[in-house]
Amino acid sequence: MCSSDLKLLLKQGWAIQSSSYVHAGGAAISTAKFQPENWYPATVPSTVLAALVKDRVYADPYYAKNLRSIPGTSYPIGANFSNILMPPGSPFRVSWWYRTRFTLPPSYRGKTVWLNFEGINYRANIWLNGRRIADSRRTAGTFRRFEFNVTGAVATGGTNVLAVEVFPPRPSSLALTFVDWNPAAPDKGMGLWHDVYLTASGPVAVRYLNAVTRLDGRRTKVAHLTISATLRNATERKISGALEGSIGGIHFSRTVSLAAKQSRVVSFSPRRYAQLNIKHPRLWWPWQYGGQPLYELRMRFVTGGQVSDSRSIRFGIRQVTSELTKQGYRLFRINGRRILIRGGAWTPDLMLRDNPARLEAELRYARDMNLNAIRLEGKLANEQFLEFCDRHGILVMAGWCCCAHWEKWKNWKPEDYRISAASLRDQVRRLRSHPSVFVWLNGSDNPPPPKVEQ
């Protein structure tokens with residue numbers, strides 16, 4: 001997470017409308033002069049369908065046969081809708097606009113401003129104050145996370161207008177699909193399905209904190225931590241400074257120089273930084289094997305006597321290893337101890353809505369059933385889900401989905417390889433700091449061919 005006073009969550013005040021009814025382009029829609037008429041109010045995160053159900057345009061699809069009464073829900077019952085084109089009469093066959101207005105806080109003045117999208121399904125054209133920030137060729141992939149330097153486009157004083165044209169997934173999209181885990185939503189989950197927010201930094205931004213644990217075999221008296229972060233120089237000049245980190249009372253730092261526009265991963269190894277060899281660590285364990293203590297890693301970059309940016313994460317000290325048994329099965333060990341995996345599959349809400357209270361209750365039910373693992377097959381959950389799993393000791397098996405374009409490798413085009421690799425990179429950066437996430441499954445029903453696996 002970034003410094004809370006420099007994170008502006010764009011949750012309220014959105015409006016959506018189908019491109020069939022909006023005849024202006026993004027350059028006009030993203031200005032204060034544009035007057036949206038007959039648009040539907042929305043909050044973000046939200047799919048198009050979730051917003052329309054909340055606005056009572058459509059009846060609750062969970063009740064009776066309401067789902068089948070929504071236009072576009074004409075796919076055969078039991079069919080995998082992700083492999084079928086939107087029907088001609090579907091209101092979700094075309095793109096939909098999301099639009100909101102916001103004002104930056106005074107603390108953003110003189111800073112580098114970053115616009116973040118944690119989940120767009122599936123493609124988008126993004127406009128800010130009449131300027132196109134990104135187009136749908138670049139901004140594609142349900143599981144991508146996008147960050148844009150919008151310093152030159154955003155107004156630090158007055159009102160800003162953000163407009164996002166979202167395009168639905170197609171059968172050839174590397175998107176989210178329920179397969180037979182849930183009935184398919186008629187919009188295929190189209191929309192801004194995770195958070196949209198702005199952050200501010202100095203000339204150098206701190207990103208992607210990580211802490212990796214290594215134990216001495218099955219001995220757990222000392223944990224060797226390797227810490228890393230990515231530094232991103234937003235300027236056209238070379239910048240030098242110090243990357244400083246802390247874990248409780250443990251402190252470490254090193255001097256770093258960045259060329260103009262350079263992004264660089266900076267690491268701290270326990271061999272060079274003796275304080276990262278933690279004696280008698282409080283180990284993180286799965287449910288019923290021990291406790292779930294969490295540590296906080298804080299990092300900041302200081303240049304010219306000023307803090308340019310800071311970030312923090314919570315992580316667990318634990319080591320996961322695996323091996324093949326004589327019978328050919330994979331055996332997992334955590335902190336050197338064999339773990340019996342007792343898991344079940346999990347699927348999100350049909351309309352991908354957030355409900356923290358229900359989510360935590362579901363995870364408590366899993367524990368009450370003596371389960372210690374949950375499988376996410378292409379339904380990668382939000383941060384709250386992962387944080388709950390960290391706290392409750394529920395192991396998470398993450399990975400891509402079967403029965404859709406994710407496993408139709410013979411039909412992949414060059415863009416699919418690019419989106420797949422970028423999606424994997426973005427999700428691994430997000431998932432890796434959570435002690436509950438212990439394995440990644442790049443194939444579901446089938447192993448991927450070498451080119452895809454690479």
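On a 1 Å grid over the protein atoms alone, a cavity is a set of points where a 1.4 Å probe fits but cannot get out, and a residue counts as lining it if it has an atom within 4 Å of a point. Grid points are joined across faces, edges and corners, and a volume is the space filled by probe spheres set on those points.

Good morning. The model I present is predicted: local features need pLDDT of at least 70, side-chain atom pairs count only at pLDDT 80 or more, and totals for chains, interfaces and linings use all residues. Residues are numbered from 1 along each chain as its sequence is written, and side-chain values use heavy atoms, with hydrogens and water left out.

How many cavities of 30 Å³ or more does a search of the whole structure find? The search finds four. The largest cavity holds about 240 Å³ of space. It is lined by 27 residues, and the closest to its centre are S82, L176, T177, F178 and K188.

To describe a lining by class, we count Ala, Val, Leu, Ile, Met, Phe, Trp, Tyr, Cys and Pro as nonpolar, Asp, Glu, Lys and Arg as charged, and the others, Gly among them, as polar. The lining of the largest cavity then has 15 nonpolar, nine polar and three charged residues.

The second largest cavity has a volume of about 50 Å³. Its lining includes E118, R145, W193 and R430. By class, that lining has three nonpolar, three polar and three charged residues.

I turn now to the strands. Strands are DSSP runs (E, at least two residues), numbered from the N terminus, and two of them pair if DSSP finds at least two bridges between them. Strand β20 (residues 295-303) pairs with strand β16 (residues 239-247) in the antiparallel sense over six bridges; here M299 of β20 is the bridge partner of G245. Strand β20 also runs antiparallel to strand β21 (residues 306-315), and nine bridges join them. In this pairing, T303 stands opposite Q306 of β21. With two residues between them, β20 and β21 form a hairpin, and G304 in the turn has a positive phi of about 60°.

Finally, the cysteines. A disulfide is a pair of cysteine sulfur atoms within 2.5 Å, and by this rule the count is zero. For C389, the nearest cysteine sulfur is that of C401, 18 Å away. C403, with a relative accessible area of 34%, is partly exposed.

Conventions:
1 Å grid on protein atoms, 1.4 Å probe; cavity = no way out; pocket = protein on both sides within 12 Å on 5 of 7 lines; lining within 4 Å. Helix = DSSP H or I, 4+ residues; strand = E, 2+ residues; numbered from the N terminus. Buried < 20%, exposed > 50% of the residue type's maximum accessible area, 1.4 Å probe, protein only.
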